[in-house]
Amino acid sequence: MSATIMRAIGKVYACLMIVFLLSPLVVVVILSFSSTSFIAFPPRGWSLRWYDQLAHDTAIRESLLFSIEIAAAATVLALLIALPTAVLLVRHHFPGRTALRALALSPLVLPEVLLALALLLYIQNGLHIRPSVWTLTVGHLLVIFPFSLQLISSAMGDLGPELEEAGITLGATPIRAFWLIAMPVMLPSIAAAAMFSFIFSFDNVAISLFLSVPGNVTLPVRMFELANTTNDPSLSSISSVLILAGAILMAFLGRFKLFDGVVNARQ
Amino acid sequence: MATDSAIAETARPRTGRKLLVPLLSLPMLALFLPFLVVPLLLLIRISVGGGRIGFDGFTLDRFAAVLGDTYYLSALGITLLMALLTAAGCLLLSIPLAYFMLRQPRWRMPIIAALIGPLVISVVVRLYGWQLLLSESGPVNNTIALLFGDDARVMFIGSWSGVIITMIHTLMPYMCIAIFNSMQSMGSGVTEAAQTLGASAWQVFLKVVLPLAARGIMTGTVLVFSLSATSFIVPAVMGAGRVNTFPMLIYQEATELNFPSAAALAVVLLVLLLPLSALSTRGRNAA
Amino acid sequence: MRLGRRSFLTGAAALGAATSLQLPREAWAQSDPNRLMYGEIGGVFDAAYKALGAKFQQQTGIEMVTDVASSEPMLAKLEAAAGQPAYNAVAISFDAVLRGLQRDLIEPIKMSDVPSIGNLQPNIQAPLLLGSGMIGGIPTHWKAIGILWRKDKVPFEITSWKDLWRPELANRISVQKMPTLGAALMLIAANIVNGGSQKDDNMEPGWAAMKALKPNIREFYPLTSAAITSLIAGDTWVSVNTLDLGLPLASENIVTTIPTEGCTWAGDAMCFPKGSDNRATALKFADFMLQDENQIEWAKQAQVAPSTKVVLPPDVQSGLIENADAVSRLFPIDFLHAGTNLPKWADRWQREIAS
């Protein structure tokens, strides 16, 4: 098959995939302009009422802020812990390495509900600590840690030790070699790890539900319970705002070429 | 490799190297030992314990009950099959897309935006969207009816098809980005070099790109499989209560305040999935 | 402009540190008599509680702090908390209250501690009475559950529970998913119309009937909104659901029907977790809730039928199906029986009906 035909097929495929990926978002945005107090598609009428309601909803705003704070704290901590762990698991041999790797990834294979309950049981019965914002952050940290670790180790593995070794032969200490040589090249993967970890924490329902602290409800939990008691399109206006915020963020990153890192790694 | 340890030795004293391993493992252990290992041990303790929360006595009855009951086993089978289909579907869709992103730099931004976009909205809202898209009178079925007639309308919601489609949509971004990251790291020169040496586009893809992206593929597959096997909200809503997965059973037991049973089910799932995640970062350079 | 690696990392770390320092202060204050830690379902109820909470604070100076979780996770949290709950009061469904009492997670309330308790409707408070002047919880509201159906899709008029079993409705009905009270009530309704009774634990007619209903059930809905969306979209033609939800949907050809035999109902109640240090504050709020003007505000905001004998203004009452006529047609429900057996029923339901 000639190269041009393959390229054309590729473009068609990419377009189809983009449609597939974005179609629920399109539906949600359209729904947010629906005038009815129930969810109907196509909308029976048009109105801005859900955005108006959102603008006056302090609870949602507080939850949004709270979710961002928790996700930011958890992400920063996850990256800080994942970096040395990745170096350890990828670059060094030692007995118990497989076990440590399995442990690091174990939160992924535990249903979140049970992890949250086990953590709650342990915190209250074992440690005698009250559920607080910090225990909630730790819960989030545990479930997003495998993401950070996986993405960073994958990049480190692909990178190979050659660059750092070259630096070492030139006289740098292993630490300097890592920090000055390997880190910059890995930055796009670290950015990707940060992004996914943040989103996974931001989106998390189960941990937030069980480890919640009265007075501070995360956005996904609030939205989940809204879906459980009402059937109006108000949730779609919240999501549309989030989509818009995400789009603006990506445009901003693209403009300042920060995204180039994620998009064009090795030069 | 003898050379690098020799080099390290000339750069620093030997004791520094010995300390490095425990030092590097400190952050992770400081987090995991108190907050994951102990609760996990607690979970295991509860699953074999008697009494109300499971702190007294010892019994393997619960595990016998789970493993001997076709109801639980079929739920387990459903869960694993669903995870397998989701992972396979994600792979099939992600690899070509990631490769396309590799070869067409100008398409990268829009595709990454499309991949990440769905992640920022809440899972509940994403389910609203899919429920409306896949409903019997929704756009997808309307298109099918247009092409194949009204009788061809598919019941997506309440069946496997709806669950799998939504799960693939939910988890594909993770797979695609992991694979793309891996493909990128090989640098653009490799594919060009292969082509100048006379390889066809197919051969370049199969013999050069895929093997080099193996690590990303492994990472993505394990991620997607695990997330799918432990997911509970998507099958509950899109399956409309007819596709019953293991995590849903766990939630059921937990909210019925049967913590020991829930723990036993979780341990079974853990035992099955943990070895899978352990072999994820092997691959080339398992050094 | 390209941000250097160093400044990016430092910036990110600083941002992380800054946001974590601004995290809201720890809200563990359930021993604080000036704050009421309250767990509730969220959604419309959250807005209603906020409005009432503001009024309560005006009157008493006590701040109401809410947390959101539906009944099932809430009870699980209380169980895990083992005597150290984070809440002074939680609003959960009747069966959860009774199950919680059984498992010693909830402390009964002395009725004489709540001055306005006489305001409650007798038949609404009856399920929670424990004898010797004690009650399990203070009912906050109740709702009638019946049949919502599409008159443009269903080829006949639905008037009876038995209509659900008609072959024309094959693969077109939605009922609530287990393990919820809604699903239990479906079983109880099927049981009643087929001659069974909760009184002697004679549930077999209900189980047989539900097995016979299997071919007609298309969806076991986990979220209320999913059921209504499905009904509006036409995937399902009939939904066994809270009747109030159907009233605004007349424009979508949806009929709200209380079957001739009667309908099931459910209620939520405010109860006090065992180990909470702050009963006085919680009792104050319970009494506050029972006042007429607060019940009217509550009904208006949350769009639910109040639990007291208060007469609602016509504009509020018109949005609710729970009027005197509806009250006379309620099935008698043994919530203790339902709550105690829910785990067993859920297990059997999943094996025989939902698979």
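This is a predicted model: local features need pLDDT of at least 70, side-chain atom pairs count only at pLDDT 80 or more; totals for chains, interfaces and linings use all residues.

Author: A pair of aromatic rings is described by how far apart the centres are and by the angle of the planes. For C:Tyr38 and C:Phe285, the centres are 5.5 Å apart and the planes are at 70 degrees, so this pair is edge-to-face; the label applies because planes over 60 degrees apart count as edge-to-face. Now look at where the two sit: C:Tyr38 is in strand E1 (residues 35–40) of chain C, while C:Phe285 is in helix H9 (residues 279–289) of chain C, so the pair ties together parts that are 247 residues apart in sequence.

These two also belong to a cluster linked by ring pairs, with C:Phe45, C:Tyr49, C:Phe56, C:Phe288 and C:Trp298 as the other members.

Zooming out, a search of the whole structure turns up 23 aromatic pairs over all chains. One of them joins A:Phe147 and A:Phe200: their ring centres are 4.3 Å apart with the planes at 50 degrees, so this pair is tilted. A:Phe147 belongs to helix H6 (residues 133–159) of chain A and A:Phe200 to helix H8 (residues 174–202) of chain A, so the pair ties together parts 53 residues apart in sequence. Both A:Phe147 and A:Phe200 are buried.

The charged end of C:Arg166 sits over the ring of C:Phe156, 3.6 Å from its centre. Likewise, C:Arg351 has its charged end over the ring of B:Tyr72, 5.7 Å from the ring's centre.

Definitions and conventions: Residues are numbered from 1 along each chain as its sequence is written. Chains are lettered from A and ligands numbered from 1 in the order in which they are written. Side-chain values use heavy atoms; hydrogens and water are left out. Rings of Phe, Tyr and Trp (its six-membered ring) pair if their centres lie within 6.5 Å; planes under 30 degrees apart count as stacked, over 60 as edge-to-face and the rest as tilted. Helices (H or I, at least four residues) and strands (E, at least two) are DSSP runs, numbered from the N terminus. Buried means under 20% relative accessible area, exposed over 50%, partly exposed in between (1.4 Å probe, protein chains only). A charge sits over a ring if NZ of Lys or CZ of Arg is within 6 Å of the ring centre and within 35 degrees of the ring normal.
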